Amino acid sequence: MLFPVERPPRNDRLLRALRREPVDATPVWFMRQAGRYLPEYRALRGDRDVLEAVRDPALVCELTLQPLRRMELDAAILFSDLMTPLAAIGVPVRVMPGVGPVVDEPIRSARDVDRLRPLVPEEDEPYVGEAVKLLRKELDVPLIGFAGGPFTLASYLVEGGPSRAHERARALLHAEPATWERLVETLVGISAAHLRAQVEAGAQVVQVFDSWVGVLDPEDYERAVLPSVRGLFDEVRALGVPAIHFGVGTGELLPLLRRAGGEAVGVDWTVPLDRAWERIGPDRAIQGNLDPAVCLAAWEAVERKALGVLARAGGRPGHVFNLGHGVLPETPPDTLARLVDLIHDRTSGGRA
């Protein structure tokens with residue numbers, strides 16, 4: 001597939017790091033860097049539902065750019081939601097403040113899976129590509145597009161909303177393996193189409209958020225998730241952009257996430273970065289992994305823990321600094337700005 005020739009970003013640290021090439025400083029971006037911790041975000045979005053907000057390309061563009069005006073981030077991530085493509089195909093989902101995605105008609109049987117249809121981005125969600133194109137005109141850093149991984153999307157659909165232990169999803173993959181397989185394969189097709197639309201519009205990196213897959217043990221992941229997510233990364237590889245694979249609580253799954261594909265694996269804060277890299281292997285980049293809660297503490301604690309992450313990275317090529325999950329709403333924006341400066345200052349010239 002041929003894409004329009006675009007000018008390269010002025011700052012390509014992220015792209016170089018994902019290729020494990022030398023960089024002048026470790027690249028930094030934050031999951032949920034566009035969000036509720038910014039007063040200007042709260043003022044602009046107001047009470048507007050996120051699944052309504054993502055249909056306004058101009059608003060998406062502005063919300064995506066807000067954090068880059070405050071700090072020297074090395075990437076932008078498209079303001080959106082994991083449920084965007086599902087809402088676009090008619091799934092009755094709403095994102096409730098303080099709760100998360102709520103699905104009014106959960107999927108609990110093979111017949112329910114039949115309600116899901118393929119995503120046709122140019123018809124179902126043209127606003128996604130329009131927002132990406134607007135952003136590419138404004139940005140001098142890479143733009144990250146994203147989609148949900150099959151287990152995480154399946155869990156929301158089966159549970160009917162957020163869950164701590166994802167019991168219904170875990171039960172379904174054991175009780176009705178054929179239904180589970182159909183469900184995740186359908187979701188892979190939807191996520192692949194959603195990612196393809198973002199890349200065709202100009203996204204230069206993609207991230208797959210299989211955020212909740214860490215609730216599975218390695219045997220169940222390998223049997224019930226790995227084949228489908230490998231298929232998703234095969235689709236992404238054909239798009240010609242680097243891909244990051246992220247999940248929470250995946251310490252025991254890291255070798256399997258590596259097998260799934262992608263140029264980088266994102267890790268949470270519960271596994272030391274150097275140990276995680278050993279499990280992933282030296283031929284992959286790594287992203288992470290400061291505990292987001294540390295950013296609510298005094299600067300001395302933030303600095304100490306961040307420098308600990310850098311020490312474990314050891315100056316090796318292929319490290320992208322990030323939090324181990326998304327920015328918490330209570331995080332002071334100035335703390336994140338100082339953190340970005342710290343990482344750049346301490347790693348410039350290859351120093352860690």
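**Entry 1. Helices α15 and α16**

I began with the packing of α15 against α16: the angle is about 35°, and the axes lie 8 Å apart. The model I am reading is a predicted one. On the α15 side I listed L273, D274 and W277, which meet V309, R312 and A313 of α16. Sorted by class, the residues of this contact are 4 nonpolar and 2 charged, with no polar residue.

D274 and R312 form one, with 2.8 Å between the closest N and O atoms. D274 sits in helix α15 (residues 273-280) and R312 in helix α16 (residues 299-313), so I noted a pair that links distant parts of the chain, 38 residues apart. For D274 I read a relative accessible area of 25%, which makes this residue partly exposed. R312 is also partly exposed, at 38% relative accessibility.

**Entry 2. From α16 to α17**

Next I followed α16 to another charged pair. E303 forms a salt bridge with R346, and the closest N and O atoms are 3.9 Å apart. The cut-off for a salt bridge is 4 Å, so this pair is counted. E303 belongs to helix α16 and R346 to helix α17 (residues 333-347), so the bridge ties together parts that are 43 residues apart in sequence. E303 has 25% relative accessibility and counts as partly exposed. R346, at 36%, counts as partly exposed too.

**Entry 3. Other salt bridges**

How many salt bridges does the count come to? I have 21 in my notes. Among them is the pair E222 and R259, whose closest N and O atoms are 3.0 Å apart. E222 is in helix α12 (residues 218-224) and R259 in helix α14 (residues 254-260); the pair links distant parts of the chain, 37 residues apart. E222 is partly exposed at 37% relative accessibility. I recorded 41% for R259, again partly exposed.

**Entry 4. Helices α9 and α10**

Helix α9 (residues 150-159) and helix α10 (residues 167-175) pack with their axes 8 Å apart, at an angle of about 105°. Are the two roughly parallel or roughly perpendicular? Angles of 65 to 115 degrees count as roughly perpendicular, and α9 and α10 are therefore roughly perpendicular to each other.

I listed the residues on each side. From α9 there are F151, S155, V158 and E159, and these meet E167, R168, A169, L172 and L173 of α10.

**Entry 5. Aromatic pairs**

I then went through the aromatic side chains, where the count comes to 4 aromatic pairs. F146 and F209 form one that is edge-to-face, with 5.4 Å centre to centre and 75° between the planes. F146 lies in strand β4 (residues 143-148) and F209 in strand β5 (residues 205-209), so this pair ties together parts that are 63 residues apart in sequence. Both F146 and F209 are buried.

F151, already noted in the contact of α9 with α10, came up again. F151 and W180 form an aromatic pair that is tilted: I have 5.9 Å centre to centre and 55° between the planes. With F151 in helix α9 and W180 in helix α11 (residues 177-201), the pair ties together parts that are 29 residues apart in sequence, so I marked a link from α9 to α11. F151 is buried, as is W180.

I also looked for a cluster of rings. F146, F209 and F246 form one aromatic cluster.

**Entry 6. T26**

T26 is in the loop between α1 (13-18) and α2 (39-45). Is T26 buried or exposed? Its relative accessible area is 11%, so T26 is buried, the limit being under 20%. I then asked which residues T26 touches, not counting those up to four places away in sequence. My list reads D74, H319, F321, I343, H344 and T347.

How values were computed: Residues are numbered from 1 along each chain as its sequence is written. This is a predicted model: local features need pLDDT of at least 70, side-chain atom pairs count only at pLDDT 80 or more; totals for chains, interfaces and linings use all residues. Side-chain values use heavy atoms; hydrogens and water are left out. Helices (H or I, at least four residues) and strands (E, at least two) are DSSP runs, numbered from the N terminus. Buried means under 20% relative accessible area, exposed over 50%, partly exposed in between (1.4 Å probe, protein chains only). Contact means heavy atoms within 4.5 Å. A salt bridge is a side-chain nitrogen of Lys or Arg within 4 Å of a carboxyl oxygen of Asp or Glu. Axes are lines fitted to C-alpha atoms, for helices over the stretch in contact, and angles run from 0 to 180 degrees between N-to-C directions. Angles under 35 degrees count as roughly parallel, over 145 as roughly antiparallel, 65 to 115 as roughly perpendicular and the rest as oblique. Ala, Val, Leu, Ile, Met, Phe, Trp, Tyr, Cys and Pro count as nonpolar, Asp, Glu, Lys and Arg as charged, and the others, Gly among them, as polar. Rings of Phe, Tyr and Trp (its six-membered ring) pair if their centres lie within 6.5 Å; planes under 30 degrees apart count as stacked, over 60 as edge-to-face and the rest as tilted.
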